[in-house]
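Please take a walk through the model shown below, element by element.

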Amino acid sequence: MKINNKIYIEKLHKNIGQFFNIDYIIYKKKTKFQNILIFYNSLLGKILSLNNIIQSTEYDEFIYHEMITLIPIYSHPNPKKILIIGGGDCGCIREIIKFKNIKSITLVEIDKEVLKCSKKYLFKHHKNSFKDKRVKIIINDGYSFLKKNKKKFDILIIDGTDPVGYGKNLYSKKFYKKCKNSLNSNGILITQSGTYMLQIKEAINHYLNIKKIFKYSGFYQASIPTYYGGNMLFIWSSNKINLYNTNEHILNKKIDNLDFKYYNFLIHKSSFILPQYFIKKLNYINNGEKNCKK
């Protein structure tokens, strides 16, 4: 990331990138874990960057936060307890508290400064959702938390950064085993896995680690304009629930009184449809192919 003449340049790879005009910088700090930057863009609103990678913008964050939370919530028969690892902007909490049947929401964030600046500057993300009495916030890294955790959750959402630096732990086989141990028998794990055109190798590697731990696993996707590459992948896993086989009649009945900007019944169904080049790679893996090079 470079700030030059009020331009933010994000490079996913060394030879391609995207830029954002900076109207003004709102917050900037280097912590023990990462570089935090919040700036304002006249089209996209407030933008959060961590470790030189765009995390979310006010313009389209609702797509990411609805899809990472609502797909598992509506796929689970009766979720009561939810764990979020990462998600310091509290956008996930904002969506989850809309469900009255959910009894507890635990958020584990490694960097207290992300929470602090998000609470202060990113109101459209959190809308004071962290004040809900069902919410418990813990400052810790996800792996250390799960190592000592004795509780069981119905849904575990990994709302982490890309697998670099301290975020690497959140994509390891060792970590996914801890996730499995923290889920109820019909629990669901969800993790973001980058944009599938430009980060396909990383997505496949994450999937290879996860599918060895859980009985069922797969991908769904959402189109999020400000993530470089556009289409964002999510990996879902469960030992009991196959999200591909969600009963459509029950699902359609559940989704009522919608208070969402992106998610609906047809979005839920269509999010599991993936392009043919990606399906071919998955077929190679599921048929025993071990090499996932481009």
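A polar contact is a pair of N or O atoms within 3.5 Å, where within protein one atom must be able to donate a hydrogen and the other to accept it, and where residues adjacent in sequence count only if both atoms are side-chain atoms. With that in hand, the side chain of T31 reaches the backbone nitrogen of F33 at 3.1 Å. This is a predicted model, in which local features need pLDDT of at least 70 and side-chain atom pairs count only at pLDDT 80 or more, while totals for chains, interfaces and linings use all residues. Residues are numbered from 1 along each chain as its sequence is written, and side-chain values use heavy atoms, with hydrogens and water left out.

T31 is placed in the loop between strand 4 and strand 5; helices (H or I, at least four residues) and strands (E, at least two) are DSSP runs, numbered from the N terminus. T31 counts as buried because its relative accessibility is 14%, the term buried meaning under 20% relative accessible area, exposed over 50%, and partly exposed in between (1.4 Å probe, protein chains only). The side chain of T31 also makes a polar contact of 2.7 Å with the side chain of D111. Once its neighbours within four places in sequence are left aside, T31 is in contact with I36, D111 and E113, where contact means heavy atoms within 4.5 Å.

Strands of a sheet pair through backbone hydrogen bonds, either parallel or antiparallel, and two strands are said to pair if DSSP finds at least two bridges between them. Strand 4 and strand 5 pair in the antiparallel sense over 6 bridges, and a hairpin joins them through 4 residues. K30 has N35 in strand 5 as its bridge partner. Strand 5 (residues 35-41) is in turn joined to strand 6 (residues 45-50) by 6 bridges, also antiparallel, and N41 has its bridge partner in G45 of strand 6.

Within helix 3 (residues 112-121) the residues E113, V114, L115, C117, S118 and Y121 are buried, and they pack against elements including strand 4, strand 5 and strand 6.

In helix 7 (residues 200-211), the buried residues are I200, A203, I204, H206, Y207, L208 and I210. What covers them includes helix 6 (173-181), strand 12 (183-195), strand 13 (216-223), strand 14 (231-238) and helix 10 (276-286). From helix 10 comes L282, which counts as buried because its relative accessibility is 9%. Although L282 and I204 are 78 residues apart in sequence, their C-alpha atoms are 7.8 Å apart in space. Not counting residues up to four places away in sequence, L282 touches I204, Y207, F219 and L274. Strand 13 has 6 of its 8 residues buried, so it is largely enclosed by the rest of the structure. Strand 13 pairs with strand 14 in the antiparallel sense over 8 bridges, and G218 stands opposite W236 in strand 14.

Which residues touch the most other members of the largest nonpolar core? They are M67 and Y263, in a core of 43 residues, a nonpolar core being a set of buried Ala, Val, Leu, Ile, Met, Phe, Trp, Tyr and Cys residues joined through side-chain atoms within 4.5 Å. Helix 1 supplies the largest share of this core, 9 residues. Beyond four places in sequence, the residues that M67 touches include Y220, F234 and Y263. A second, separate core of 33 residues includes I138, Y196, I204 and I210.

Helix 1 (residues 61-75) also holds T69, which is buried because its relative accessible area is 0%. A polar atom of the T69 side chain lies 2.7 Å from the backbone oxygen of H65.
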